[in-house]
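Reader: Could you take me through the charged side chains in this one? I would like to start with the pairs and then move on to the rest.

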Amino acid sequence: MGSTVLSLRIDSELLDRLKGHAAKRGMSVQDYVVRTLIREDFDERFKTAVEETEKFYGTEPGPPGPVPHDQVRPSAGIA
């Protein structure tokens with residue numbers, strides 16, 4: 001896999017916050033931003049895969065009792 005340059009113009013307050021987040025993790029700002037983008041991309045692809053699986057198999061009725069159905073499905077917590 002190759003790499004490509006992406007140039008961003010951001011305000012100084014955002015850059016300062018990014019530097020703080022990166023420093024807490026012992027990372028450079030570049031590595032922190034790339035890791036965040038990768039995680040977001042994975043979350044989106046996972047959510048799409050879950051939705052496609054639910055369309056293919058159909059959704060099941062919720063379980064009886066007080067536990068909300070969304071807490072037991074693979075998509076729980078993904079908005």
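Reader: Where do Asp-41 and Arg-45 lie, and how many residues apart are they?
Author: This is a predicted model, and in it both Asp-41 and Arg-45 sit in helix H2, 4 residues apart, which is about one turn of the helix. Their side chains meet in a salt bridge, with a distance of 3.0 Å from N to O.

Reader: Why can side chains like that pair at all?
Author: Side chains of opposite charge can pair when their charged atoms come close.

Reader: OK, and how many salt bridges does the structure hold?
Author: The structure holds 2 salt bridges. Besides the one between Asp-41 and Arg-45, there is one in which the side chains of Glu-52 and Lys-55 meet, at 3.3 Å from N to O. Glu-52 and Lys-55 are also both in helix H2, 3 residues apart, again about one turn of the helix.

Reader: Is Lys-55 buried or exposed?
Author: Lys-55 counts as exposed, because its relative accessibility is 62% and the cut-off for exposed is over 50%. Glu-52, with a relative accessible area of 42%, is partly exposed, and Asp-41 is likewise partly exposed, at 40%.

Reader: Changing topic, which residues gather in the patch of negative charge on the surface?
Author: That patch brings together Glu-40, Asp-43, Glu-44 and Glu-51.

Reader: And what is the place of Glu-51?
Author: Glu-51 belongs to helix H2, which covers residues 29-57.

How values were computed:
Residues are numbered from 1 along each chain as its sequence is written. This is a predicted model: local features need pLDDT of at least 70, side-chain atom pairs count only at pLDDT 80 or more; totals for chains, interfaces and linings use all residues. Side-chain values use heavy atoms; hydrogens and water are left out. Patches are made of residues with over 30% relative accessible area and no salt bridge: like charges are joined within 9 Å, nonpolar side chains (Val, Leu, Ile, Met, Phe, Trp, Tyr) within 5 Å. Accessible areas come from the Shrake-Rupley method with a 1.4 Å probe; for residues, only the protein chains shown count as cover. A salt bridge is a side-chain nitrogen of Lys or Arg within 4 Å of a carboxyl oxygen of Asp or Glu. Lys and Arg count as positive and Asp and Glu as negative; His and the chain ends are not counted. The place of a charge is taken as NZ of Lys, CZ of Arg, CG of Asp or CD of Glu. Helices (H or I, at least four residues) and strands (E, at least two) are DSSP runs, numbered from the N terminus. Buried means under 20% relative accessible area, exposed over 50%, partly exposed in between (1.4 Å probe, protein chains only).
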